[in-house]
Amino acid sequence: MDREGGIVIKERIIAAFTELSRQKGFYRITVDEIAAGAGVSKRTVYRYFNSKDEIIEAVIDKLLSTVGGRLEKIIASDKEPDKKFEDILNIFYHVGRTFINPMVMQDLNRHYPQYWEKIDKYRMERAHLLIGIFLKEGQNRLAGSIDPRIAAAAVLASVQAVLNPEFILANQLTFEEAARQLVEFFKHGFIRDTGGASPAANA
């Protein structure tokens, strides 16, 4: 089989696993199910991947590559920082709805922590880049006299603390819900403005 045909088969195997993961997570998927979903034999699956773990890694690599490409387009656009922020949030919503569902989160936490570490490393690298851009473009919109370095550190720490399998599972959240509420916290805080003077102003 030529190289192009081999790439097509690999993509079919990756697509089959991704589709199965929506109903079964990662751990409970069998190679027989992957083969059936891709329309190939089990032997063919093993011709392109040595193990199910290799398929999982390929699925994650494809996800990160796709998300990274979308983020780069948003970053390079001439939209206002707020609109870029909304577009990035929509990407996270899509990922949460179609890929990082509760079963996948459980499996990453229990059986494949090494792959969560890979996702976490990638997203934190991207987060550093995005935060730097947003602070540069919208620094004049930071509340009060907040130091941009403190804002960046707070955002990164919050992302790492909240958007991880252990926290999400322990609190019976979904990735999508956790991401949405975290963004609301970044945008609006958690103390309602009642129109009175702030404690700092009365000090």
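Helices here are DSSP runs of at least four residues, numbered from the N terminus. The model on display is predicted.

**Confidence across the chain**

Begin by colouring the protein chain by pLDDT. The mean value is 82, and 82% of the residues reach 70 or more. Next, select helix H2 (residues 31-38), which has the highest mean pLDDT among the elements of the chain, at 97. Then move to helix H11 (residues 199-202), where the mean is the lowest, at 48. Where pLDDT is low, the predicted coordinates should not be read in detail.

Is Leu182 buried or exposed? Leu182 counts as buried because its relative accessibility is 8%, and the cut-off for buried is under 20%. For Leu163, which lies 19 residues from Leu182 along the chain, the separation between the two C-alpha atoms is 8.7 Å.

**The second largest pocket**

Turn now to the second largest pocket, which holds about 280 Å³ of space. To locate its centre, select Thr18, Arg22, Leu63, Thr66 and Phe99, the nearest to that point of the 15 lining residues. Which helix gives the largest share of the lining? That share, six residues, comes from H4. Finally, colour the lining by residue class: seven residues are nonpolar, four polar and four charged.

Notes: Residues are numbered from 1 along each chain as its sequence is written. This is a predicted model: local features need pLDDT of at least 70, side-chain atom pairs count only at pLDDT 80 or more; totals for chains, interfaces and linings use all residues. Side-chain values use heavy atoms; hydrogens and water are left out. Buried means under 20% relative accessible area, exposed over 50%, partly exposed in between (1.4 Å probe, protein chains only). pLDDT is the predictor's confidence in each residue, from 0 to 100. Helices (H or I, at least four residues) and strands (E, at least two) are DSSP runs, numbered from the N terminus. On a 1 Å grid over the protein atoms alone, a cavity is a set of points where a 1.4 Å probe fits but cannot get out, and a pocket is an open set with protein on both sides within 12 Å along at least five of seven lines; lining residues have an atom within 4 Å of a point. Grid points are joined across faces, edges and corners, and a volume is the space filled by probe spheres set on the points. Ala, Val, Leu, Ile, Met, Phe, Trp, Tyr, Cys and Pro count as nonpolar, Asp, Glu, Lys and Arg as charged, and the others, Gly among them, as polar.
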